[in-house]
Amino acid sequence: INAEYGTQMSWTTAKEVVYHLCIVDHCTEQGENLLSLSKEIGYSQHHLLSPYFVAQTKGSYCGLASVSIIFNAFSQTAKIDQSLLLSQIKNIIQCHGASVVKKSTENPKLLLRWFEEDLMNTLTQKDSFIIINFWRHFKKHKGGHISPVAAYEPQTRMVLILDVASHRTLPHWIPIDVLVLLMSTIDGTSQKPRGYLVVNKLLEK
């Protein structure tokens with residue numbers, strides 16, 4: 001991990017982060033160790049989500065793939081066929097019988113407090129998941145992206161993203177401070193902060 005990107009990074013700087021310098025591939029020894037640690041303390045849903053992993057079929061279908069993974073983990077199906085904003089994903093999830101809360105702000109410190117609390121509350125459950133919307137800047141590509149969160153390791157403060165853009169990045173770990181800054185950026189379409197969704201399966205009556 002490049003130490004250049006730390007907690008003092010500004011919103012403007014976050015837009016210019018070269019994403020691959022901040023992440024740890026899940027399949028590396030360090031990535032596997034982080035997953036083991038997150039499992040030991042109970043902050044991992046990798047075993048719940050990874051069996052249902054699907055890669056996005058088109059460049060802007062990350063929202064579709066993320067919803068598909070979550071609903072398959074719920075043992076439900078969702079029919080969606082377009083590129084989606086986070087707000088649209090929220091509406092579709094609600095229409096399919098789950099509850100969802102969207103959280104977003106341009107204030108990284110506030111978002112960090114919300115996000116870390118929701119990670120610790122959600123990742124210990126089997127019927128509650130998190131979908132994030134974040135900015136990514138590669139050397140030859142940049143733009144917003146949506147994927148589910150699979151685990152959190154609080155000692156190293158690393159978050160495991162089950163990245164649906166498998167043609168570009170495998171599942172990987174990223175420092176929570178950097179991720180929050182990337183989630184605090186403004187979505188160019190909605191003109192609102194990106195943020196994340198907390199999705200809960202409703203109990204059957």
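Colleague: Where does Pro108 sit in the chain's elements?
Modeller: In this predicted model, Pro108 belongs to helix α6, which covers residues 108-122.

Colleague: Is Pro108 buried, exposed or partly exposed?
Modeller: Pro108 is partly exposed, because its relative accessible area is 24%, and buried would need under 20%.

Colleague: What does Pro108 touch, leaving out residues up to four places away in sequence?
Modeller: Pro108 touches Val180, Leu181 and Ser184. Ser184 is 76 residues away from Pro108 along the chain, yet their C-alpha atoms are separated by 5.9 Å.

Colleague: How much of the contact in the protein is between residues 24 or more positions apart?
Modeller: Such pairs make up 63% of the contacts with a separation of 6 or more.

Colleague: New topic, the core. Which residues of the largest nonpolar core touch the most other members?
Modeller: Leu49, Ile93, Trp173 and Val199 do, in a core of 28 residues. Several elements give two or more residues to this core, among them α2 (29-40), α5 (86-95), β3 (128-137) and β7 (196-201). Helix α4 gives the most, with 7 residues.

Colleague: And what does Ile93 touch, again without residues up to four places away in sequence?
Modeller: The contacts of Ile93 are Val67, Phe71, Ala98, Val100, Ile131, Leu197 and Val199. Apart from this core lies another one, of 25 residues, including Ile23, Tyr43, Leu119 and Tyr196.

Colleague: Why would such residues gather like that?
Modeller: In soluble globular proteins, nonpolar side chains tend to be buried together.

Colleague: Now Asp163. Is it buried or exposed?
Modeller: Asp163 counts as buried because its relative accessible area is 0%. Its place is the loop between β5 and β6 (172-175).

Colleague: Which backbone nitrogen lies 2.8 Å from a polar atom of the Asp163 side chain?
Modeller: The one of Ala165. Leaving out residues up to four places away in sequence, Asp163 also touches Phe53, Arg136, His145, Ser147, Thr169, Leu170, Pro171 and His172.

Colleague: Ser147 comes up there. Which strand is Ser147 in, and what stands opposite?
Modeller: Ser147 is in β4, and Ile132 stands opposite Ser147. Strands β3 and β4 run antiparallel and are joined by 7 bridges.

Colleague: How many bridges join β4 to β5?
Modeller: There are 4 bridges, and β4 and β5 run antiparallel too. Val149 stands opposite Ile161 in β5. The hairpin of β4 and β5 has 4 residues between the strands, and Arg157 in this hairpin takes a positive phi near 60 degrees.

Colleague: How many of the residues of β4 are buried?
Modeller: 10 of its 12 residues are buried, so β4 is mostly covered.

Colleague: Last topic, cysteines. How many disulfides does a search of the whole structure find?
Modeller: The search finds 0 disulfides.

Colleague: Remind me what a disulfide is.
Modeller: A disulfide is a covalent bond between the sulfur atoms of two cysteines.

Colleague: Are Cys27 and Cys62 buried or exposed?
Modeller: Cys27 counts as exposed because its relative accessibility is 52%. Cys62 is buried, with a relative accessible area of 7%.

Colleague: And the overall picture: how many helices and strands are there?
Modeller: The protein has 7 helices and 7 strands. From the N terminus, their order is α-β-α-α-α-α-β-α-β-β-β-β-α-β. The protein has 205 residues, of which 50% count as buried. Its accessible surface is about 9800 Å², and 50% of that belongs to carbon and sulfur atoms.

Terms used
Residues are numbered from 1 along each chain as its sequence is written. This is a predicted model: local features need pLDDT of at least 70, side-chain atom pairs count only at pLDDT 80 or more; totals for chains, interfaces and linings use all residues. Side-chain values use heavy atoms; hydrogens and water are left out. Buried means under 20% relative accessible area, exposed over 50%, partly exposed in between (1.4 Å probe, protein chains only). Contact means heavy atoms within 4.5 Å. A nonpolar core is a set of buried Ala, Val, Leu, Ile, Met, Phe, Trp, Tyr and Cys residues joined through side-chain atoms within 4.5 Å. A polar contact is a pair of N or O atoms within 3.5 Å; within protein, one must be able to donate a hydrogen and the other to accept it, and residues adjacent in sequence count only if both atoms are side-chain atoms. Two strands pair if DSSP finds at least two bridges between them. A disulfide is a pair of cysteine sulfur atoms within 2.5 Å. Accessible areas come from the Shrake-Rupley method with a 1.4 Å probe; for residues, only the protein chains shown count as cover.
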